[in-house]
Amino acid sequence: MQHRTLLFDLDGTLTDPREGITRSVQYALAQLGIDEPDLQALEHFIGPPLLQCFMHTYDFPEARAWEAVHHYRVRFREVGLYENLLFEGVVELLQLLQAQGRTLYIATSKPTLFATEIARHFDFARYFKAIYGSELDGTRTNKVELIRHLLQQEALEPATTLMIGDRKHDLIGAHSNGLQAVAVGYGFGSLEELSGEKPAYHVQTLAQLHQAFAG
């Protein structure tokens with residue numbers, strides 16, 4: 001993989017946000033009178049746009065879903081954001097890519113405000129030229145729109161830019177903008193979900209991703 005510019009998804013690709021996201025969703029639901037004791041049942045909230053997840057999972061109208069998002073953010077901003085783990089081996093991978101002279105960006109559906117704080121707190125912001133996320137009003141939560149915006153703002157060539165992510169939304173966003181993509185199997189997307197989008201590359205572990213770039 002000789003691409004000079006790399007776009008990384010955040011949740012499920014660089015970090016494991018399982019605890020912070022699921023507990024914050026659980027909290028939001030409780031504020032709306034819904035008891036969900038099984039955190040594992042909420043893992044599908046990791047990756048896709050939050051508003052749409054609340055609407056599709058609980059058949060909320062949009063206004064009700066925005067209420068849920070507000071409650072979610074109350075907890076996530078103060079607590080959930082830090083209930084996160086950097087995947088083992090990520091720092092070594094980023095150091096390798098930086099040493100190779102590649103330019104790195106984060107492209108996440110998570111609000112830029114939260115993504116920036118996560119990268120700062122867990123001390124990996126230094127490896128990225130910029131962090132692109134959504135706005136708090138929901139603008140650019142769609143990965144197609146987000147990646148298009150990033151490419152335009154940074155004047156990047158799709159042919160030399162590669163997207164790396166763990167959910168189908170990452171792959172769809174890449175392909176819709178003329179980018180090749182790497183699907184990573186250690187995150188939250190199933191093999192069936194990722195294979196269905198026919199990524200140019202598919203790795204199962206972070207070690208395999210490191211090896212693919214090391215050559």
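Visitor: Why is Asp-123 called partly exposed?

Guide: Asp-123 has a relative accessible area of 43%. Buried would need under 20% and exposed over 50%, so 43% makes Asp-123 partly exposed. This value, like the others here, comes from a predicted model.

Visitor: Where is Asp-123, and what is its phi?

Guide: Asp-123 sits in the loop between H5 and strand S5 (130-134). Its phi is near 60°, a positive value in a residue other than glycine. Arg-140 also has a positive phi, about 65°, and is not a glycine. Arg-140 belongs to the loop between S5 and helix H6 (143-154).

Visitor: Into which domains is the protein divided?

Guide: Domain 1 takes in 5-16 + 86-214, and domain 2 takes in 17-82. Their C-alpha centres lie 23 Å apart.

Visitor: How do you know that domain 1 and domain 2 are in contact?

Guide: Contact requires heavy atoms within 4.5 Å. By that test, 21 residues of domain 1 are in contact with 16 residues of domain 2.

Visitor: What area do domain 1 and domain 2 bury between them?

Guide: The size of an interface is often given as the accessible area lost when the parts come together. Here domain 1 and domain 2 bury about 1600 Å², with 64% of it on carbon and sulfur atoms. On the domain 1 side, Asp-16, Phe-114 and Phe-188 supply 33% of the buried area, more than any other three residues.

Visitor: How many salt bridges and polar contacts are counted between the two domains?

Guide: The count is 1 salt bridge, and 4 residue pairs are in polar contact. Strand S2 (15-16), strand S4 (103-111) and helix H5 (112-121) each supply at least two residues of the side of domain 1 that touches domain 2. H5 gives the most to that side, with 5 residues. By class, the side has 7 nonpolar, 7 polar and 7 charged residues.

Visitor: What makes Asp-16 and Arg-18 a salt bridge?

Guide: The closest N and O atoms of Asp-16 and Arg-18 are 3.5 Å apart. The cut-off is 4 Å, so the pair qualifies as a salt bridge.

Visitor: Are Asp-16 and Arg-18 buried or partly exposed?

Guide: Asp-16 has a relative accessible area of 16%, under the 20% limit, so Asp-16 is buried. Arg-18 has 33% relative accessibility, which lies between 20% and 50%, so Arg-18 counts as partly exposed.

Visitor: What makes Arg-167 and Glu-193 a salt bridge?

Guide: Their side chains meet at 2.8 Å, N to O. That is within 4 Å, so the pair meets the definition.

Visitor: Why is this pair said to tie together parts of the sequence?

Guide: Arg-167 lies in the loop between strand S6 (161-165) and helix H7 (168-176), and Glu-193 in helix H8 (residues 191-195), so the pair ties together parts that are 26 residues apart in sequence.

Visitor: How do you know that Arg-167 and Glu-193 are buried?

Guide: Buried means under 20%. Arg-167 has 10% relative accessibility and Glu-193 has 18%, so each counts as buried.

Visitor: What other salt bridges are found in the structure?

Guide: A search of the whole structure finds 13 salt bridges. Among them is the one between Arg-75 and Glu-83, whose closest N and O atoms are 2.9 Å apart. Arg-75 and Glu-83 are both buried. Asp-9, Lys-143 and Asp-170 are linked in a network of salt bridges.

Conventions
Residues numbered from 1 in each chain as written. Predicted model: local features only at pLDDT ≥ 70, side-chain atom pairs only at ≥ 80, totals over all residues. Heavy atoms only, no water. Domains from an automatic or database assignment. Buried area = accessible area lost by both parts, 1.4 Å probe. Polar contact = N/O pair within 3.5 Å; in protein donor to acceptor, adjacent residues only side chain to side chain. Helix = DSSP H or I, 4+ residues; strand = E, 2+ residues; numbered from the N terminus. Nonpolar A, V, L, I, M, F, W, Y, C, P; charged D, E, K, R; others polar. Buried < 20%, exposed > 50% of the residue type's maximum accessible area, 1.4 Å probe, protein only.
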